Amino acid sequence: MKRTLQCILSRLLLLACMAVMPAVSWGQDSWKDLAVTDWYDGHESDPEYEISTAAELAGLVQLVINRTNFSGKTIKLTQDIDLESKEWLKAGSSSQNFKGTFDGQGFLVQNLKIDVDGQAGEALYLGLFPCISDATIQNLGVKISQEGIHAVARFGSGPTLLYVGGIAGDSSSSTIKKLLCNWWRNNSGYGRCRLW
């Protein structure tokens, strides 16, 4: 009887612990489902925001994909961020642009992973920021995951149009400065770009 009671209490304690743990920590392979926007929600008129987690960075990109462009606003990174080689977000239209200022303040975003199998006739914009226009991206390091950026184009009713970059898949009338970007290639080495 005592042993049965202990077993029941142990299981109840385990269930209670599972209930208070964040659901996002188990089995998520894509940042699309992990994006957090509470740093922005209710503060839409603020001129400046700070981001300190991968989920908040994913939230920024998700807001841009949903057509919040951050024109005239500044977003600052407050620490290094690890994207844990989980699938990053992608945009399907060049009108889903980030138009603000993103200041990495010298911090690093690492393990950016993009793995896309495009469909015929589809346009995809792939990068930390899928599209930027009239934006400033500065003081930022980006390291692509060892899995790299993998994008497959298909042909059929029309070709897949892939716009791919480590920082931005597509850029128009933007300033990118003081940037370091590494990426892996063919599992045997890596390339890097550095803009100062």
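This is a predicted model: local features need pLDDT of at least 70, side-chain atom pairs count only at pLDDT 80 or more; totals for chains, interfaces and linings use all residues.

Visitor: Where is His150 found?
Guide: His150 is in strand 8.

Visitor: Noted. Is His150 buried, partly exposed or exposed?
Guide: Partly exposed. Its relative accessible area is 42%.

Visitor: What does His150 touch, not counting residues up to four places away in sequence?
Guide: Ile114, Asp115 and Val116. His150 and Val116 are 34 residues apart along the chain. Their C-alpha atoms are separated by 6.2 Å.

Visitor: Back up a bit. What does the secondary structure of the protein chain come to?
Guide: Two helices and twelve strands. From the N terminus, the order is α-β-α-β-β-β-β-β-β-β-β-β-β-β.

Visitor: How much of the protein chain counts as buried?
Guide: 37% of its 196 residues. The accessible surface comes to about 10,900 Å². Carbon and sulfur atoms hold 50% of that.

Visitor: And contacts in the protein chain with a separation of 6 or more: what share comes from residues 24 or more positions apart?
Guide: 80% of them.

Visitor: Now helix 2. How many of its residues are buried?
Guide: Twelve of twelve, so helix 2 is largely enclosed by the rest of the structure. Among the buried residues are Glu56, Gly59, Gln62 and Ile65.

Visitor: What covers them?
Guide: The cover includes strand 1, strand 2, strand 3, strand 4, strand 5 and strand 7.

Visitor: What span should helix 2 have, and how far apart are its end C-alpha atoms?
Guide: Helix 2 runs over residues 54-65. At 1.5 Å a residue, it should span 16 Å. The end C-alpha atoms are 16 Å apart, which agrees.

Visitor: What follows helix 2?
Guide: Arg67, with a positive phi near 80°.

Visitor: Which other residues have a positive phi?
Guide: Two to look at are Phe70 and Asn139, neither of them a glycine. Phe70 has a phi of about 60°. For Asn139 the value is about 55°.

Visitor: Why flag those?
Guide: Most residues other than glycine have a negative phi.

Visitor: Where do those two sit?
Guide: Phe70 is in the loop between helix 2 and strand 2. Phe70 is buried, at 2% relative accessible area. Asn139 belongs to strand 8. Asn139 is partly exposed, at 23%.

Visitor: Switching to rings. How many aromatic pairs are there?
Guide: The count comes to ten. Take Tyr49 and Phe70: their ring centres are 6.0 Å apart and their planes are at 90°, so the pair is edge-to-face. That pair links distant parts of the chain, with Tyr49 in strand 1 and Phe70 in the loop between helix 2 and strand 2, 21 residues apart. Both Tyr49 and Phe70 are buried.

Visitor: Which residues do ring pairs link into a cluster?
Guide: Trp39, Tyr40, Tyr49, Phe70, Phe98, Phe102 and Phe129.

Visitor: What sits over the ring of Trp31?
Guide: The charged end of Lys86. It lies 5.2 Å from the ring centre.

Visitor: On to the largest nonpolar core. How many residues, and which have the most contacts inside it?
Guide: The core has 45 residues. Leu60, Trp88 and Phe98 have the most contacts inside it. Elements giving two or more residues to this core include strand 1, helix 2, strand 5, strand 6 and strand 11. The largest share, nine residues, comes from helix 2.

Visitor: What is Phe98 in contact with, leaving aside neighbours within four places in sequence?
Guide: Quite a list. Its contacts include Leu60 and Val64. Phe70, Ile75, Phe129 and Ile137 are also among them.

Visitor: Last one: Thr74. Where is its place, and what is it in contact with?
Guide: Thr74 is in strand 2. Leaving aside neighbours within four places in sequence, Thr74 is in contact with Pro47, Glu48, Tyr49 and Thr101. Asp46 is 28 residues from Thr74 in sequence. In space the two are 9.3 Å apart, C-alpha to C-alpha.

Key. Residues are numbered from 1 along each chain as its sequence is written. Side-chain values use heavy atoms; hydrogens and water are left out. Helices (H or I, at least four residues) and strands (E, at least two) are DSSP runs, numbered from the N terminus. The expected span of a helix is 1.5 Å times one less than its number of residues. Buried means under 20% relative accessible area, exposed over 50%, partly exposed in between (1.4 Å probe, protein chains only). Contact means heavy atoms within 4.5 Å. Accessible areas come from the Shrake-Rupley method with a 1.4 Å probe; for residues, only the protein chains shown count as cover. Rings of Phe, Tyr and Trp (its six-membered ring) pair if their centres lie within 6.5 Å; planes under 30 degrees apart count as stacked, over 60 as edge-to-face and the rest as tilted. A charge sits over a ring if NZ of Lys or CZ of Arg is within 6 Å of the ring centre and within 35 degrees of the ring normal. A nonpolar core is a set of buried Ala, Val, Leu, Ile, Met, Phe, Trp, Tyr and Cys residues joined through side-chain atoms within 4.5 Å.
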